[in-house]
Amino acid sequence: MPTTPHSHSAAPETTGPDRGPPAPRRGVLRSTWNEILDLVFPPRCAACGEPSEAGPFCPVCAEAVDPVPPGCSRCGLPGPDAACGACLARPPAFDAIRAGGLFGGPLADAVHALKYRGRPALARSLGAWLAARVPLPPGAAVVSVPLGRRRRRERGYDQAALLAGALARAAGAPRLRAALERVRETAPQVGRDREARARNVRGAFAARGVEGRDLVLVDDVVTTGATADACAQALRAAGARSVTVVSLARAD
Ligand SMILES: [Zn+2]
Ligand SMILES: [Zn+2]
């Protein structure tokens, strides 16, 4: 078992939200092994691996998830102002970002387990956890940030899609599966500044079938919101009435 009870790897350098997976071959073997463990054994804490019946986190880890502090009403950037400088200068295409907690501690471990340690079964309990922490706009339908085809192949699943399905089920919201697609592959966002991130994902998404809908756009981690913004632009262009971004974690 690769996990040590209650030791948290918080460093975004190693658990960065958009970093590619570890060496594919080892990753696939470990993924398969972890999937088998998740199927055979009782639920384990998404962060420390201790048995956990009540939710994705054991009581110790649940307590250690940092809530998102108050900040920009648009992009959620923690800070004293109701609107941050970036949103004032160029308002994003989404209406708001809501996250289950700050990236770090047990939440970073959970995201890492979901994305890189091959534990897709975690999406179900994390989606329910997110639904309990983040209210969805009434009547909104759920879409997710699509993973690139290459990374989807390497990983074997799209973690944001799984998360979106679980969130929609837990919240009783409709799920639109084919509304958003990635029309070109993009390089990982890690190591790029805000501007470079925006350039990297510009025009990478296309949407359909969302005319007049209020939407919830799900991703596992939101950092600058550049990817969410590019998705929201595509959804708006296809006629969406509003786009609220909902993520497991908010990173800075
Ligand atoms: Zn735990
Ligand atoms: Zn902002």
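Colleague: What makes the sheet an open one, and in which order do its strands lie?

Modeller: In this predicted model, four strands are arranged in the order β1-β6-β5-β2, with parallel pairing. The edges are β1 (96-102) and β2 (141-144), each of which pairs on one side only. From one strand to the next, the twist averages 25 degrees.

Colleague: Which helix lies across β1, β5 and β6, and how is it directed?

Modeller: That is helix α10 (residues 226-237), which runs at about 160 degrees to β5. Angles over 145 degrees count as roughly antiparallel, so this term applies to α10 and β5.

Colleague: Why are α6 and α8 called oblique to each other?

Modeller: The axes of α6 (residues 122-133) and α8 (residues 159-171) cross at roughly 50 degrees and come within 7 Å. Roughly parallel requires an angle under 35 degrees and roughly perpendicular one of 65 to 115, so a value between these ranges is oblique. The two helices are therefore oblique, and their crossing is right-handed.

Colleague: Which kinds of residue make up the contact of α6 with α8?

Modeller: Among the residues involved are Leu126, Gly127 and Leu130 of α6, and Leu163 and Ala166 of α8. The contact comprises eleven nonpolar residues, two polar and one charged. Gly127 belongs to this contact, and Gly counts as polar by definition.

Colleague: What makes α5 oblique to α6?

Modeller: Helix α5 (residues 105-115) packs against α6 at an angle of about 140 degrees, the axes being 10 Å apart. Roughly antiparallel would require over 145 degrees and roughly perpendicular 65 to 115, so the pair is again oblique. The crossing of α5 and α6 is left-handed.

Colleague: Which residues meet there, and how do they divide?

Modeller: Ala110, Ala113 and Leu114 of α5 meet Leu122, Ala123 and Leu126 of α6. Six are nonpolar, with no polar and no charged residues; Ala and Leu both count as nonpolar.

Colleague: How many helices and strands does the chain have?

Modeller: The chain has ten helices and six strands. Of its 252 residues, 45% count as buried.

Methods: Residues are numbered from 1 along each chain as its sequence is written. Chains are lettered from A and ligands numbered from 1 in the order in which they are written. This is a predicted model: local features need pLDDT of at least 70, side-chain atom pairs count only at pLDDT 80 or more; totals for chains, interfaces and linings use all residues. Axes are lines fitted to C-alpha atoms, for helices over the stretch in contact, and angles run from 0 to 180 degrees between N-to-C directions. A crossing is left-handed if the near helix is turned anticlockwise from the far one by less than a right angle, and right-handed if clockwise. Two residues are in contact if their C-beta atoms, placed from the backbone, lie within 7 Å. Two strands pair if DSSP finds at least two bridges between them. A residue is buried if 20 or more other C-beta atoms lie within 10 Å of its own, exposed if 12 or fewer, and partly exposed in between; C-beta atoms are placed from the backbone.
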